[in-house]
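Hi,

Here is the structure I promised to pass on. Have a look at it first, and then read on for what turned up.

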Amino acid sequence: MQTLKYRQKWQVPLMLHMMLDEKKILSEYRTRTRASMKLFEKAEGINPGGVNANIKFFKPYPIFMRGAKGSKITDEDGNEYIDYLLTYGALILGHGSEPIRRAVERVLDRFGTTVTGTPTGIEIEYGELLAGLYSKGGLIRFTNSGLEATLLAVRLARAFTGRTAIAKFEGHYHGANDRLLVSYRPPSESSGERSSPKPVSDSLDVGMDIIAETIVLPFNDFESTEKLLTANAGRIACVIMEPFEDGVIPAKRDFMSKLKRLTEELGILLVFDEVKTGFRIRIGGAAEYYSVTPDISCLGKVIGGGFPVGAVVGRCDIMSLIQPGDSSGGRSVFHSGTFGGNPVTLSAGLAAVEELMKDGNFERLSRRTESLRRAMASSLAEHQIPAVALGEGSMLNIYLGVERVENYRDTLSSEIRLRSLLDLAMICKGIYTKPGNRYCLSLSHSDDDIVSTTEKFNEVLDEAISEGNRAKLHG
Ligand SMILES: Cc1ncc(COP(=O)(O)O)c(C=O)c1O
């Protein structure tokens, strides 16, 4: 029997009794998802790696879906799952919701087309709402993806400050943006000291020119962050961060307030990447949670109501750098996009956000997420599996085999491979997220979904524990 067992760690001896039968899980996965396997084999012949976004790949092969409604998603073999991936958190109302359907129809009825290629009134209406929530008195520019938002934010920061280097935190993701594909998932062998991480390229094309202009900071370690920022202050345009790393690991409150003060003192712009956290941690994102207004915020995912989107919102004096006027001779920051601010996306996004802001909806969603987080945490504790279950608002994640998670280095000592296997086992029981990914909930997720997910989670752990105990007995 090929099994994956917790590595023996002196800190977590209790975990030795847990074991997942990798061979059995993979065989069940393959049997249940034959149609996906066939499609994947075909896709490999046309799309590099069989996917159109690297994050969508996982081993042995990703599942191809054919339909979805509410909290459920159905694959090409007809298996139904409760969907906790929700397009990486984008679908705050769940799949195929009525408000989104109506919003899209309204655009088609009103304009008679999907896109006009000109400004439309919705850009003002939705822009005012988002700017009011994320940067009072500020300005907003819509983009077509989160990546494009972080790209623009960094360009603005460099233009505004006249400095060239960027500071970012180890383990923080800002999209497939070459300027920021540094030390997102660096291997521990090459990433240097915990307190002063070495910048490591995440992509073949990211070379020494970018590495030399990137300062990598240790999240939640203010003393070391302060040293690194102070030593390089004269050349750093901005600090860009996920205020909740990976959407779930919170910046400590005093870390955040000190960082805000320090960046102000050093003339470094503070950029919150709220692509994951916007409308999920709070209606006003992590900025509301911390009562900290950054100089620039990046938004995405939820604000598109299920259509491709991004936005940069921030201080007037910074955002004004992209106003068109006379842009000859590099006197302003050029930003453009054929589909920027398109009415289908913005109407769907506005509908999603308005629904979420209706009386009690955000609180209800957060309560459900919290009850799932607690249920998973107690199930792990009952099975004597050391783990941390983190989450705020409508996202959660679990880290196995650790007792504390404050930043990327802590996640590296968690049982990453075992976690993915556990998720594959959950997929076989009808609970879907990309293996290893955080769980996101939507307004469509019901109490019954939570109960059923908890039951399946217990079943998987029960099976893992009995496998482990059997293996121990047999020596
Ligand atoms: C924090 C963060 N920033 C930026 C991005 C990139 O957004 P997109 O995938 O829309 O380009 C993501 C995507 O997951 C993200 O999580």
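A quick definition before anything else: two residues count as being in contact if their C-beta atoms, placed from the backbone, lie within 7 Å. With that in hand, take the contacts in the chain between residues at least 6 apart in sequence: 71% of them join residues at least 24 apart. Do keep in mind that this is a predicted model.

Now the overall picture. The chain has 16 helices and 18 strands. Its radius of gyration is 23 Å, close to the 23 Å that the globule rule gives for 475 residues, so the chain is as compact as a globular protein of that length. Along the principal axes, the C-alpha trace spans about 75 × 55 × 45 Å, and 47% of the 475 residues are buried.

The chain splits into two parts: domain 1 covers 4-96 + 360-473, while domain 2 covers 98-357. Their C-alpha centres sit 28 Å apart. Where they touch, domain 1 puts in 26 residues and domain 2 puts in 31. On the domain 1 side, at least two residues each come from helix 3 (86-89), helix 13 (361-382), strand 15 (387-392), strand 16 (395-400) and helix 14 (408-412). Helix 14 gives the most to that side, with four residues. By type, the domain 1 side has 13 nonpolar, nine polar and four charged residues.

- Lys-59 and Pro-60 are joined by a cis peptide bond, with omega about 5°. Pro-60 is in the loop between helix 2 (34-44) and strand 3 (65-69).
- Leu-86 is not a glycine, yet has a positive phi of about 50°. This residue is in helix 3. Leu-86 counts as buried because it has 28 other C-beta atoms within 10 Å, and the cut-off is 20 or more.
- Tyr-88, also in helix 3, has a positive phi of about 55° although it is not a glycine. With 20 other C-beta atoms within 10 Å, Tyr-88 is buried.

Cheers

Notes. Residues numbered from 1 in each chain as written. Predicted model: local features only at pLDDT ≥ 70, side-chain atom pairs only at ≥ 80, totals over all residues. Domains from an automatic or database assignment. Nonpolar A, V, L, I, M, F, W, Y, C, P; charged D, E, K, R; others polar. Rg over C-alpha atoms; globule rule 2.2 N^0.38 Å. Buried ≥ 20, exposed ≤ 12 C-beta atoms within 10 Å, placed from the backbone.
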